Amino acid sequence: MKNAVFLYNPESGRGRVAREAEQIDEIFRTNGYHVIPQPIDFAVNPFDGHETIDLMVVAGGDGTINFVVNAMKRKGLDIPIGVIPAGTANDFAGALGMSGELIEAARQIATGCEDRVDVGRVNDLWFVNIFSFGIFTTTSQRTPNSRKHRIGKLAYIIEGVKEFRTIHAVPLEIVADGEHFDLRSLMVLIFNGETAGGFRLARTSSIRDGLFDCILLEKKDLFRSTLAMGQYLLGGNPKIVRHLRARHIDIQSTVNEPTDVDGQPGAEFPLHIECVAGGLRVMCPRPRVQEPVPEPV
């Protein structure tokens, strides 16, 4: 029998995870796992005493997954992770193809197949979905958890509106896979995953291609910059929204701008950002078998 830890935040999913924890445990036991339920404690490394487990199942959002991945990497472990989406933002779970229903996601993990996906590293921090800085990128950090649990994604929008009062450009010196350029940027998004807050901003991104998708919003006047970002969201390609794909990115600035990794406080400048291809073991849903189409008689 394989050993698994089921790590969950009792407040996630407005308390649904805690209510359905026993049923989730039963799904894993039925599929050959000895399960250790463990409420999450962000002051403790969840792998302490669990260095030889076969699977870490995590119920939470991108920030919780980020916490678990960094805890694992600090201990030098390479244990498969299963993700049950139960947070406000579940972009990484979406990239893995996980169901939004807790019980079905648990079943997908317990009966799924192991895969390797890319993971990002910035200085000494790891991220699964996105590294960012500039306008709106640290909104998640400042949004109270109580508000997230109460009204979900609307909490991010309320907090993000306040940022219009502090819009400013960050002078950057960037080297991306050997290409050097300077830019005064309002926002930088470096995607390992595919979406941010459910919005598909990284149109060509994949967690299996060994590359980042990077979006940089150049500083013009407020109207032009806002209009350009709106055009990009609607599928356009305005010139002041720069898009590039790279494996290694170095960024320097005269400003030590706050940064964000998966909704958590990020690294300080200067930044060395690397896409580690296949650097994370995950459990994914098994591909659906296509039923053969009968030939016409």
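This note sets out points on the predicted model shown above.

1. Confidence. The protein has an average pLDDT of 86, and 84% of its residues score at least 70.

2. Overall make-up. Eight helices and 15 strands are present in the protein. Of its 297 residues, 52% are buried. Among contacts with a separation of 6 or more, 73% link residues 24 or more positions apart.

3. In soluble globular proteins, nonpolar side chains tend to be buried together. Here the largest nonpolar core holds 53 residues, and the members that touch the most others are Phe 6, Phe 28, Ile 84, Phe 92 and Leu 280. Another core, of 25 residues, lies apart from that one; Val 122, Phe 131, Leu 244 and Ile 251 are among its residues.

4. Surroundings of Phe 28. Which residues does Phe 28 contact, leaving aside its neighbours within four places in sequence? They are Tyr 33, Val 35, Leu 55, Val 57, Ala 106, Ile 109 and Ala 110. Phe 28 is also one of the residues touching the most other members of the largest nonpolar core.

5. Cysteines. A disulfide is a covalent bond between the sulfur atoms of two cysteines. With a cut-off of 2.5 Å between cysteine sulfur atoms, the count of disulfides is zero. As to accessibility, Cys 113 counts as partly exposed because its relative accessibility is 23%, whereas Cys 214 is buried, with a relative accessible area of 3%.

6. Thr 254. This residue is placed in the loop between strands β12 (248-252) and β13 (259-261). Is Thr 254 buried or exposed? Its relative accessibility is 73%, so Thr 254 counts as exposed. Thr 254 and Pro 171 are 83 residues apart along the chain, yet their C-alpha atoms are separated by 6.9 Å.

Definitions and conventions. Residues are numbered from 1 along each chain as its sequence is written. This is a predicted model: local features need pLDDT of at least 70, side-chain atom pairs count only at pLDDT 80 or more; totals for chains, interfaces and linings use all residues. Side-chain values use heavy atoms; hydrogens and water are left out. Helices (H or I, at least four residues) and strands (E, at least two) are DSSP runs, numbered from the N terminus. Buried means under 20% relative accessible area, exposed over 50%, partly exposed in between (1.4 Å probe, protein chains only). A nonpolar core is a set of buried Ala, Val, Leu, Ile, Met, Phe, Trp, Tyr and Cys residues joined through side-chain atoms within 4.5 Å. Contact means heavy atoms within 4.5 Å. pLDDT is the predictor's confidence in each residue, from 0 to 100.
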